[in-house]
Amino acid sequence: MPQVPPVIDLDGEDMDGDPIPVAPPHHIWNALIPPDSLSATSLLIQFPDHSSSSRPTLSFHPSLPTHFTSPDEAGLDLTLAIIQTSPLPERSAIRRIREGLESTLASEFQSLHISLGFVDGLFPFWFAKCLTQMEVAESSARLWRASLRWLQRGESDPAEVEVHSQCVTRLNTLVWYTPLEQFRSAVLHGTDLAGFLGDNWLTDEHMNAAGDWINMRLGEDSHSRVLSTFFLGSLALNRSQHPTWNPIRPRKLDTLVRDGHVPFLMIPVHLHCHWTYLYVDLMNRSCIYFDSLDPDNFIAPDGVLELLDWWLASVLPLPEEEGLSEEDTRNFDATEQTDGHSCRVAVLSIMAHVALGEESWTQEGS
């Protein structure tokens with residue numbers, strides 16, 4: 001979330017003399033936009049469920065604003081209170097207004113017309129920025145609310161009651177947006193945690209945070225590493241531009257591999273909107289591939305091993321005949337995926353199983 005914008009004069013004049021204010025006043029911004037450090041529970045209170053409510057319209061208007069024109073205007077607190085408890089316009093409507101403000105369209109108008117609950121009036125252009133950030137917060141509240149509903153499905157299962165209780169309790173302390181500091185390299189915000197609770201597709205941020213967590217559990221002395229979901233893509237991009245792997249700055253992984261400190265690599269492999277797993281053993285020049293939708297397939301996707309061999313040719317020079325080869329057995333057990341959203345969970349669970357001894361992935365346990 002952006003920081004509170006600089007204060008401007010409410011008469012419409014900024015430092016450059018532009019008649020259209022470029023930022024909301026502090027007192028209005030602070031009243032409407034939740035701080036990044038607000039807990040998820042408090043966010044749900046500030047942004048109640050409006051899923052069954054009709055959304056207000058939002059458009060440009062040729063007349064001057066009728067609301068937020070003066071710090072001491074009559075009914076300001078009531079207007080703010082109504083806005084805080086009313087549904088917001090659709091995200092697409094807010095986006096159209098923002099795009100209009102960035103073009104010449106807004107030059108024909110002087111305000112935004114919005115019907116928000118009992119407030120039906122004209123607002124300054126800068127109110128679009130408030131709506132944008134409020135929509136971000138409201139979207140986050142929807143995610144947390146859906147996560148709570150998903151958690152409640154497990155309340156009747158004695159094996160999950162304690163986990164459910166712990167998760168709900170943590171909502172009182174988890175921040176809704178501020179980046180979490182528990183990871184070394186992954187960037188995960190409070191809102192991202194809601195994606196872990198439910199039948200959602202995990203994002204790259206989720207997967208990389210989980211991989212970071214596994215690496216931290218392994219410790220710096222470990223001979224194994226979970227690599228980023230962006231690793232293979234980064235190699236492919238570099239290969240398209242250079243004949244050999246030659247990054248601008250030395251990569252820590254390159255050094256660890258070259259020195260023989262990390263010979264075991266666990267790599268997420270993206271395959272047509274689906275994630276699979278590749279385990280690389282550099283000591284034996286071998287790899288183990290697993291696709292949760294096709295467990296009987298031991299062959300990695302076309303080009304993956306060739307790409308890794310290209311990288312290793314610069315990092316760990318090998319005779320051409322000693323490139324990576326695929327094994328036809330695995331060092332773990334896993335069942336077939338039967339739904340359309342568990343592939344990333346399967347990859348992460350198998351990594352945790354191989355690296356930390358956690359239970360291996362099964363469809364029934366996902």
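Two strands count as paired if DSSP finds at least two bridges between them. Helices (H or I, at least four residues) and strands (E, at least two) are DSSP runs, numbered from the N terminus. The model is predicted: local features need pLDDT of at least 70, side-chain atom pairs count only at pLDDT 80 or more, and totals for chains, interfaces and linings use all residues. Residues are numbered from 1 along each chain as its sequence is written, and side-chain values use heavy atoms, with hydrogens and water left out.

**View 1. Pairing of strands S2 and S3.** Strand S2 (residues 111-116) pairs with S3 in the antiparallel sense over 5 bridges. Isoleucine 114 has glycine 121 in S3 as its bridge partner.

**View 2. The open sheet.** The order of the 3 strands is S1-S2-S3, with antiparallel pairing. Strand S1 (58-61) and strand S3 (119-123) are at the edges with a single partner strand each, so one side of each has no neighbour in the sheet. From one strand to the next, the twist averages 25° (axes are lines fitted to C-alpha atoms, for helices over the stretch in contact, and angles run from 0 to 180 degrees between N-to-C directions).

**View 3. The largest nonpolar core.** A nonpolar core is a set of buried (under 20% relative accessible area, 1.4 Å probe, protein chains only) Ala, Val, Leu, Ile, Met, Phe, Trp, Tyr and Cys residues joined through side-chain atoms within 4.5 Å. The largest has 45 residues; among those touching the most other members are Leu32, Phe127 and Trp144. Helix H5 (residues 127-152) contributes the most, with 8 residues.

Notes. Buried < 20%, exposed > 50% of the residue type's maximum accessible area, 1.4 Å probe, protein only.
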